[in-house]
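I wanted a quick look at the aromatic contacts and the surface patches.

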Amino acid sequence: MNQPAFAHLSVRTVYSLREGAIRPDELAARTAALGMEAVAITDTNGLYGAVRFAQACAHYGIKPIYGTRLTVAGDDAAERFVLTLLAADNDGYTNLCRLLTAAHNRGERGDPCATIEDVLDHA
């Protein structure tokens, strides 16, 4: 009996300070060693390791999935929550990039924060 394919869809790398400890090349190597076909990186408020991740995944024959853990403001200015967002295709990746740009432009320096409207505009 074949087991269905499994992929980790929420992995933070060294580019998420104090949250992740694995480098993109190590992640791709470990994913391949475990016989998995795909893995996602979801660094906090950015796609900082995307290029190195893509290169490493290509080297190991792994399908890269791009995502982010995005800080979003609630109705109350002090209320915030985090959404994990994944890109399904090139259009999704473009939307993630635009959404992250909006969050960085809207938030204070070093503290990006999107709005629900930003998320809906880039869905």
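**Aromatics.** I kept in mind that this is a predicted model. How many aromatic pairs does the structure hold? I found 2. I looked up Phe-53 and Tyr-66: their ring centres sit 5.8 Å apart with the planes at 85°, so I noted the pair as edge-to-face. Phe-53 is in helix α2 (residues 50-60) and Tyr-66 in strand β2, 13 residues apart, so this pair links distant parts of the chain. Phe-53 and Tyr-66 are both buried.

Next I checked Tyr-66 against Tyr-93. The ring centres are 5.3 Å apart and the planes are at 70°, so this pair is edge-to-face too. Tyr-93 belongs to helix α3 (residues 90-106) and Tyr-66 to strand β2, so the contact ties together parts 27 residues apart in sequence.

Is Tyr-66 buried or exposed? I have it as buried, because its relative accessible area of 18% falls under the 20% cut-off. Tyr-93 comes out as partly exposed at 28%. I wrote down Phe-53, Tyr-66 and Tyr-93 as one aromatic cluster.

**Surface.** Which residues make the nonpolar patch? I got Phe-81, Ile-116 and Leu-120, with an area of about 260 Å². Leu-120 is in helix α4 (residues 116-121), and I logged Leu-120 as exposed because its relative accessibility is 61%, over the 50% cut-off.

I also found a surface patch of negative charge, where Asp-75, Asp-76, Glu-79, Glu-117 and Asp-121 gather. Asp-75 is in the loop between β2 (63-73) and β3 (80-86). With a relative accessible area of 84%, Asp-75 is exposed.

How values were computed. Residues numbered from 1 in each chain as written. Predicted model: local features only at pLDDT ≥ 70, side-chain atom pairs only at ≥ 80, totals over all residues. Heavy atoms only, no water. Patch = residues over 30% accessible without salt bridge, like charges linked within 9 Å, V, L, I, M, F, W, Y side chains within 5 Å. Areas by Shrake-Rupley, 256 points an atom, 1.4 Å probe, with all protein chains shown as cover. Salt bridge = Lys/Arg side-chain N within 4 Å of Asp/Glu carboxyl O. Lys, Arg positive; Asp, Glu negative; His and termini not counted. Charge placed at Lys NZ, Arg CZ, Asp CG, Glu CD. Helix = DSSP H or I, 4+ residues; strand = E, 2+ residues; numbered from the N terminus. Buried < 20%, exposed > 50% of the residue type's maximum accessible area, 1.4 Å probe, protein only. Phe/Tyr/Trp six-rings, centres within 6.5 Å; stacked < 30°, edge-to-face > 60°.
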